[in-house]
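Student: Could you show me how to read the packing and the surface of a model, one feature at a time?
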Amino acid sequence: MQNIELFINSPEYLYPFTLLLGLIIGSFLNVVIYRIPKMLEQDWKSQCCELLEVEGKEEPKVTLSTPNSTCPKCGHEIKPWENIPVISYLFLRGKCSSCKTSISLRYPIIELLTGVLSVAVICILGANWAGLTALLLTWVLIALTMIDFDTQLLPDNMTLPLIWLGLIVNSQGLFVPLETALWGAVAGYLSLWSVYHLFKLITGKEGMGFGDFKLLAALGAWMGWQLLPVIIILSSLVGAVVGITLIVTMGRDKNIPIPFGPYLAAAGWLALLWGNDISQAYLQFSGMR
């Protein structure tokens with residue numbers, strides 16, 4: 001027990017360990033980000049074939065552990081020493097060891113981002129139950145951000161457990177009282193649900209997906225209903241700035257949908273660590289306090 005307390009109270013050991021853990025988790029998140037949509041697609045195809053009573057095409061079953069990772073160009077199976085977070089990318093000079101096809105820079109960036117954000121969480125919240133559960137939330141938000149960015153999907157098998165986990169965590173009042181968390185989940189879902197239906201009624205178009213409702217409900221379950229305005233305002237501002245920038249600088253068609261999940265996830269993570277400070281600063285700036 002004394003050794004554990006010494007480790008927790010020694011930043012020179014705790015932060016490098018957290019960074020290393022974050023890098024390893026980031027490597028795993030790269031697998032989650034790529035494979036979860038593939039797994040969902042296979043499941044949907046199977047359900048459609050079963051419903052239509054037709055034979056589907058046999059495909060290798062994709063899970064988070066199988067098949068082994070391979071180069072998409074030449075099929076070279078990635079060896080364990082070629083899968084060390086960040087280091088392997090640098091050692092291989094960003095290329096497949098077999099066919100020399102370039103490896104996306106995104107993989108080491110996600111690993112580094114996960115490591116850095118993990119250190120930030122422990123630095124601010126500490127190596128306690130709040131910090132450990134916040135790490136889990138951080139990792140899931142990173143995965144959801146990239147999946148939504150790639151596919152415009154926020155999978156139910158990630159958002160729904162996140163809602164329940166937030167309520168379970170706050171059953172002990174870890175971040176907010178359970179009642180506040182419960183109404184945070186309800187208000188988070190209904191707020192975007194209302195915006196969705198109002199926008200559809202006015203324009204005849206769908207402005208966002210149902211996954212966004214569930215993600216905001218999850219954030220409400222973790223942080224309570226009081227921080228929902230902060231999360232919505234932050235995500236809307238960042239989303240508007242990024243969307244306008246893409247249209248002006250890159251000529252992006254304004255009719256092409258931009259996923260809202262990444263902005264919700266980023267705003268939720270900021271609110272998790274600094275939500276109360278942001279809220280108080282806004283009230284002081286607006287003269288309401």
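Predicted model: local features only at pLDDT ≥ 70, side-chain atom pairs only at ≥ 80, totals over all residues.

Tutor: Residues are numbered from 1 along each chain as its sequence is written, and side-chain values use heavy atoms, with hydrogens and water left out.

Student: Which residues have the most contacts inside the largest nonpolar core?

Tutor: In soluble globular proteins, nonpolar side chains tend to be buried together. A nonpolar core joins buried Ala, Val, Leu, Ile, Met, Phe, Trp, Tyr and Cys residues through side-chain atoms within 4.5 Å, where buried means under 20% relative accessible area, exposed over 50%, and partly exposed in between, with a 1.4 Å probe and protein chains only. Here the largest such core has 56 residues, and M158, M223 and I231 have the most contacts inside it. Among the elements giving two or more residues to this core are α2 (11–52) and α10, and α5 gives the most, with 11 residues; helices are DSSP runs of H or I, at least four residues, numbered from the N terminus.

Student: What does M223 touch, leaving out residues up to four places away in sequence?

Tutor: With contact taken as heavy atoms within 4.5 Å, M223 touches L137, V176, I231, G268, A271 and L272.

Student: Why does W183 count as partly exposed?

Tutor: W183, in helix α7, is partly exposed because its relative accessible area is 49%. S279, in helix α10 (residues 261–285), also counts as partly exposed, at 24%.
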